[in-house]
Amino acid sequence: MSEESRREVRAGLEPSLARLWRYALVLSRARDVADDLVQATCLRAMERADQFVPGTRVDRWLLAILRSIWLNELRSRRIREGGGFVDPEDVLTTDGAREIEMNITASAVLRAIDRLPEAQRDTMLLVYGEGYTYAEAAAALAIPIGTVMSRLAAARAALARLK
């Protein structure tokens, strides 16, 4: 079973990198930190490939590892008063008229989402950004599905009030 686990993890790493990076960027709000988180996630996944259950979703397992690494990092340094973060405008690139308009809209959305509590922000990213079902998001966040629904409802209400 462990060889099969290692094989599935190796095969699932590369296709999951973009998704991991997006999630890391939303969590950390800094490109360099996102890069480090993804690298640490890949390393931990390879080291603990025997813990992966063959036949399950590698990307979900990797996202859970990334979230765990991030939470451990937060606990250990407790964010040093906002150091290392960038504004959403700095994260977005601008190429051409359509991209500029899209980036302006995306920047406004990111600023609004950034005002949400961390729990709501994480849940929104998984469900609306990554397309997780409520059940998948609940499993990834290790919370009941009702909590996912509650967080999303609260986040939508908070965003609606910002209009």
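Colleague: Happy to begin! Which helix does A112 lie in?

Modeller: First, a note on the source: this is a predicted model, in which local features need pLDDT of at least 70, side-chain atom pairs count only at pLDDT 80 or more, and totals for chains, interfaces and linings use all residues. Residues are numbered from 1 along each chain as its sequence is written, and side-chain values use heavy atoms, with hydrogens and water left out. Helices here are DSSP runs of H or I with at least four residues, strands are runs of E with at least two, and both are numbered from the N terminus. By that count, residues 96-114 form the helix that holds A112, namely α5.

Colleague: Is A112 buried or exposed?

Modeller: Buried means under 20% relative accessible area, exposed over 50%, and partly exposed in between (1.4 Å probe, protein chains only). A112 has a relative accessible area of 16%, so it is buried.

Colleague: Which residues does A112 touch, leaving out those up to four places away in sequence?

Modeller: Contact means heavy atoms within 4.5 Å. A112 and A158 are 46 residues apart in sequence, with their C-alpha atoms 9.0 Å apart. The residues that A112 touches are L159 and L162.

Colleague: Let's turn to α8. How far apart are its end C-alpha atoms?

Modeller: The expected span is 1.5 Å times one less than the number of residues. Helix α8 has 17 residues (145-161), so it should span 24 Å. The model agrees, as the end C-alpha atoms are apart by 25 Å.

Colleague: Why do the buried residues of α8 count as being on the same side?

Modeller: The buried residues in α8 are V148, R151, L152, A155 and A158. Taking directions from the helix axis to the C-beta atoms, they are on the same side of α8 because they cover an arc of only 130 degrees.

Colleague: Which helices do those buried residues pack against?

Modeller: One partner spans 118-129 and the other 134-141. They are α6 and α7.

Colleague: How do the axes of α6 and α8 cross?

Modeller: Axes are lines fitted to C-alpha atoms, for helices over the stretch in contact, with angles from 0 to 180 degrees between N-to-C directions. These two come within 9 Å and cross at roughly 100 degrees. Angles of 65 to 115 degrees count as roughly perpendicular, so α6 is to α8 roughly perpendicular.

Methods:
Angles under 35 degrees count as roughly parallel, over 145 as roughly antiparallel, 65 to 115 as roughly perpendicular and the rest as oblique.
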